[in-house]
Amino acid sequence: MSASPITIELSSPQTVDGRPATYQSLWLLVRLLHAHAAGQPVRIDDLRGQVSAARTQRMLVSRAFRDFKAWGLVAGWGEDRQRDPRFLNAERRSQGPFWLPEAQAQRLLLLVEGQAATPAERAAFLGLPAPLARAGAASGTAPDAVHLQDAGFWQQLVAAQQAMRQGRWSAQLTAGGAPAPASALQAMRRAAQLAGSDFQRALVTLNEALLWRRIGDDAQARRRVQALGRQRLARHVAGHDYLGAMAAIVSAWCDYTARDLSAARAQLLAIARDPAQGALLAHHPQVRFEWSNLWALACRSQALGSAAQAPAQAAAQAEESLQHFGRALAAAFESHSFDAAQHVAANMGMAVWLFERVGLQAGVDSARPRAIQWIAFSEWLSGQAELQGRSAWNAIYLLRIARGACRPPPRPTLAQFRALAPLTPTTLAREAGPLAEVFRGADWPDDWVQVAGQRLAEHRSGARRYPGLQYCGLLLEQAWFAAHAGTLALAAQALAALREALPQLVASDRAYFREVWNDGLPAELLALEPPPRRPRAR
């Protein structure tokens, strides 16, 4: 590799060693240098909304690396930044992440109108926030001392976590034409740029994994967990055991979503049996909440799956599930997290109802009112915490309970289907007892079709964003209740949207929707459904 310096003029017209340079390629090179200074790679997500759209990223990367070669510069890609870029597989280059070897970074001289570019000018060229000066940078303080930049890092990390709670995932939303606060992904990127220690960088990676899991992209979540593992192996960073426990929980969530219950339980058992992580499980409320909530969900799935073949075993698993939901709820309140508490309250309510459906009372009397009261409590907690991005689960659960008393024959006629008597919103609100008021606000019209339709409209407009499983759940319920109301055109439209969305779900979830779809909906509605799309001949 050549060791000669490379001079880059950032002011227009941009040049490299005096020759005109493609702006996008130059932007990526300066972004690589900026990330190198922070000890970070540049990920594909860092390019979105800056110099490319998703559909043009492959073209941008390919053009940039051709330009790098013409400039006599070698950049690398992939998670292993110790590799020699000359020997990397170019077929996977477009997936990133991208980075500069140290020797290459040292060659770059950035200028603005012929003068050395300041950090603020570099940031302005990239469209990034101006960097904060590090306290003690010139005074020789220890590298692990607390710096002023840390305040910016923690601010962005909190902003990312708040955006996650409000459902602002990876797309910036607007309200009334005014820009909304940064999305979770945008704030997380800024936190990564400001991270000044191994622990801060690892904490960003963990929160990225949590974010992708909440979005429903388990493949991306697993990739971030793997990256966190490499960070922890490279150096024994502060918070090592906490990071390891939370990474294992994210992996267990991905296994649970894929309905690999054995793998999920094995991950959770390994945490409990590890001396250091087991101590965290006993004393760290966030770890205990995540562990207990997921363990309870796994027990719930096992109980429901074995209720017919092994009722005694299933009853014990159902009881264990409810006990761990209770522990998760206590841990959520111990950590003052209304967001966590509302999730587990909803899970507990649905568990109570599902157990009753398969004959597993688990010591619970009046199962349906108890279930509805837990769901109402979840909805009340959402209001108390002003969770603008509250999930759709409470609505989906109530819609399922409302039609749960109906037993349509297989492939019913429309007349048979409309003769069914699902519970009304008023009836279910009444069963919520002292919490009935939470189902009488603007979010809860007195019509189930409108309840589902309102949330779908919010999702499509971007006012709220629901992960794929919740979106599909709303579509199915809208189709069911619209068909029951005789509005077949709306029901058929919902089913068509559901058909398009199903491929993003795991096989077991797709099977649930297709079972209700094929056996529980009227034949007249299915006859209106468009046939599956055939791929165009090429």
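**Figure legends: overall chain and helix packing**

**Figure 1. Overview of the protein chain.** Among contacts in the protein chain between residues at least 6 apart in sequence, 65% join residues at least 24 apart. The model shown is predicted. The secondary structure of the protein chain comprises 24 helices and nine strands. Of its 538 residues, 51% count as buried. The chain exposes about 25300 Å², and carbon and sulfur atoms supply 53% of this area.

**Figure 2. Packing of helix α15 against helix α16.** Two packed helices are described by the angle between their axes and the distance between the axes. For helix α15 (residues 338-357) and helix α16 (residues 367-384), the angle is about 165° and the axes are 8 Å apart. Because angles over 145 degrees count as roughly antiparallel, α15 is described as roughly antiparallel to α16. The crossing of α15 past α16 is left-handed. On the α15 side, the contact is made by Phe 338, Ala 341, Gln 342, Ala 345, Ala 346, Met 348, Gly 349, Val 352, Trp 353 and Glu 356. On the α16 side, the contributing residues are Ala 367, Arg 368, Arg 370, Ala 371, Trp 374, Ile 375, Phe 377, Ser 378, Leu 381, Ser 382 and Gln 384. By residue class, the contact of α15 with α16 divides into 13 nonpolar, five polar and three charged residues.

**Figure 3. Packing of helix α8 against helix α10.** The axes of helix α8 (residues 198-215) and helix α10 (residues 240-257) cross at roughly 20° and come within 10 Å. Since angles under 35 degrees count as roughly parallel, α8 is described as roughly parallel to α10. Helix α8 passes α10 in a left-handed crossing. Helix α8 contributes Phe 199, Ala 202, Leu 203, Leu 206, Ala 209, Leu 210 and Arg 213 to the contact. Helix α10 contributes Tyr 242, Leu 243, Met 246, Ala 247, Val 250 and Trp 253. The residues of the contact of α8 with α10 comprise twelve nonpolar, no polar and one charged.

Figure 4. Ser 292 belongs to helix α13, which spans residues 285-306. Its relative accessible area is 4%. Because the buried class covers values under 20%, Ser 292 is classed as buried. When residues up to four places away in sequence are not counted, Ser 292 touches His 324, Arg 327 and Ala 328.

**Figure 5. Gln 317 and Gln 313 in helix α14.** Gln 317 is placed in helix α14 (residues 311-334), and Gln 313 also has its place in α14. Gln 317 is buried, with a relative accessible area of 12%, whereas Gln 313 counts as partly exposed at 47% relative accessibility. Not counting residues up to four places away in sequence, Gln 317 touches Cys 299, Gln 302, Ala 303 and Ser 306. Gln 317 and Ala 303 are 14 residues apart in sequence, and their C-alpha atoms are 5.3 Å apart in space. Gln 313 and Gln 302 are eleven residues apart in sequence, with a C-alpha to C-alpha separation of 9.5 Å.

Terms used:
Residues numbered from 1 in each chain as written. Predicted model: local features only at pLDDT ≥ 70, side-chain atom pairs only at ≥ 80, totals over all residues. Heavy atoms only, no water. Axes fitted to C-alpha atoms, helices over the stretch in contact; angles between N-to-C directions. Helix = DSSP H or I, 4+ residues; strand = E, 2+ residues; numbered from the N terminus. Parallel < 35°, antiparallel > 145°, perpendicular 65-115°, else oblique. Left-handed = near helix turned anticlockwise from the far one by under 90°. Contact = heavy atoms within 4.5 Å. Nonpolar A, V, L, I, M, F, W, Y, C, P; charged D, E, K, R; others polar. Buried < 20%, exposed > 50% of the residue type's maximum accessible area, 1.4 Å probe, protein only. Areas by Shrake-Rupley, 256 points an atom, 1.4 Å probe, with all protein chains shown as cover.
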